[in-house]
Amino acid sequence: MEGGLCPPIRQMFWWTQPTPLEAHSMTQASDFGPKFPQLRMRRLRQHAALRELVRETEISVRDLILPLFVRPGSNARQPIASMPGHDQLSADLLTDEAKAIVELGIPAVILFGIPAWKDLTGSAALRDDGVVQQAIRKIKSAAPDLLVVTDLCYCEYTDHGHCGVLIDRGGRSDVDNDATLELLAQQAVSHAKAGADVIAPSGMMDGMVAAIRRALDAARFDHTPILSYAAKYASAFYGPFREAAESAPQFGDRASYQMDPANAREALREVALDLAEGADLIMVKPALSYLDVICRVKQAHPEVPLCAYNVSGEYSMVKAAAANGWLDERRTTLEVLTSIKRAGADMIITYSAKDVAQWLA
Ligand SMILES: [Zn+2]
């Protein structure tokens with residue numbers, strides 16, 4: 001590390017000699033121009049307008065996608081205790097909701113469904129009158145310009161809460177990858193038929209993007225893009241979401257399909273595979289504890305639009321701390337979102353979208 005120290009401090013480490021590479025980089029650093037006291041970085045921070053002119057990253061409401069939770073029934077609004085400001089809504093309430101979202105300047109929503117009933121295979125997910133399918137139609141008729149992304153998975157629809165159908169592996173239950181692909185393909189076509197603009201598979205099944213692409217193309221939805229949750233981690237930060245979507249696994253965990261939080265290089269393999277299978281947009285989830293993954297994915301694939309999911313736990317932590325007077329909610333939220341964009345995200349799914357829209361209006 002001492003290769004990066006300035007020469008006077010370096011002289012204190014008299015027992016180490018610079019390697020040729022270190023000597024080279026030190027020469028390069030001094031080639032940049034004058035150093036202190038001629039160079040003073042604080043000069044560019046003296047005036048607010050100048051700070052704005054040199055600002056590298058700016059968050060805009062146009063970068064944001066708002067998640068919505070849809071429940072059965074009519075005129076039903078169920079507050080989500082762990083996510084202040086968010087409710088489960090019945091489809092009929094989405095007419096006013098969609099108009100309000102457009103009014104705020106938020107360009108897109110992502111839908112999660114809580115079905116009327118759950119079973120072993122999540123069959124409620126495939127119905128034309130399912131909660132998400134109804135919600136898409138409501139939003140599209142109320143606000144045709146609002147982009148509707150649908151989350152594609154089975155954890156909200158199965159009674160066991162896992163992201164697909166189960167298989168017995170010698171006494172251990174696991175999600176059957178290839179049988180789940182077939183269901184995901186049908187679910188994608190059902191969403192597209194209802195009018196979804198973007199399909200976002202989140203189950204981390206191998207081959208899911210290719211299976212969905214094939215099915216969409218065969219059903220003449222070749223124009224419908226796929227936003228793949230390419231690098232989705234088995235994260236503790238999903239806690240509040242599981243209350244919101246009523247999707248907690250009834251046994252075990254999701255470690256056999258979602259990624260190990262310890263792995264970053266593996267994310268590059270996941271992303272490359274999904275791109276090869278035809279993903280149009282890719283996602284890293286969660287965002288805040290995975291800024292390095294966002295950065296690496298952006299560096300590896302700068303040409304591909306990258307989405308990051310600022311997940312429920314990240315949102316609820318800030319809300320809880322702000323409610324206790326421990327953090328400034330507005331400044332903290334904007335700093336979090338700015339850091340996600342600075343790391344390389346082009347768009348952010350965030351529960352803070354409405355707050356941000358009001359703050360930046
Ligand atoms: Zn799932």
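Select Ser82 to begin, which is found in the loop between β2 (77-79) and β3 (87-90), where helices (H or I, at least four residues) and strands (E, at least two) are DSSP runs numbered from the N terminus. This is a predicted model, in which local features need pLDDT of at least 70 and side-chain atom pairs count only at pLDDT 80 or more, while totals for chains, interfaces and linings use all residues. Residues are numbered from 1 along each chain as its sequence is written.

Ser82 counts as partly exposed because it has 17 C-beta neighbours inside 10 Å; a residue is buried if 20 or more other C-beta atoms lie within 10 Å of its own, exposed if 12 or fewer, and partly exposed in between, with C-beta atoms placed from the backbone. Not counting residues up to four places away in sequence, Ser82 touches Pro240, Glu243 and Ser316, two residues being in contact if their C-beta atoms, placed from the backbone, lie within 7 Å.

Next, select helix α11 (residues 312-323) together with helix α12 (residues 329-343), which pack at an angle of about 160° with their axes 9 Å apart; axes are lines fitted to C-alpha atoms, for helices over the stretch in contact, and angles run from 0 to 180 degrees between N-to-C directions. The two helices, α11 and α12, are therefore roughly antiparallel to each other, a term for angles over 145 degrees. At this contact, Glu314, Val318 and Ala322 in α11 meet Glu329, Thr332, Thr333 and Val336 in α12.

Move on to strands β6 (residues 166-169) and β7 (residues 172-175), which run antiparallel and are joined by 4 bridges; strands pair if DSSP finds at least two bridges between them. Within this pair, Asp168 stands opposite Ser173 in β7, and the hairpin has 2 residues between the strands, with Gly170 taking a positive phi near 60°.

Then select helix α7 (residues 208-218), whose buried residues are Met208, Val209, Ala211, Ile212, Arg213, Ala215 and Leu216. Arg220, which follows α7, has a positive phi near 65°.

Finally, display the whole protein chain, whose secondary structure comes to 13 helices and 12 strands, and in which buried residues make up 42% of the 361 residues.

Conventions
Parallel < 35°, antiparallel > 145°, perpendicular 65-115°, else oblique.
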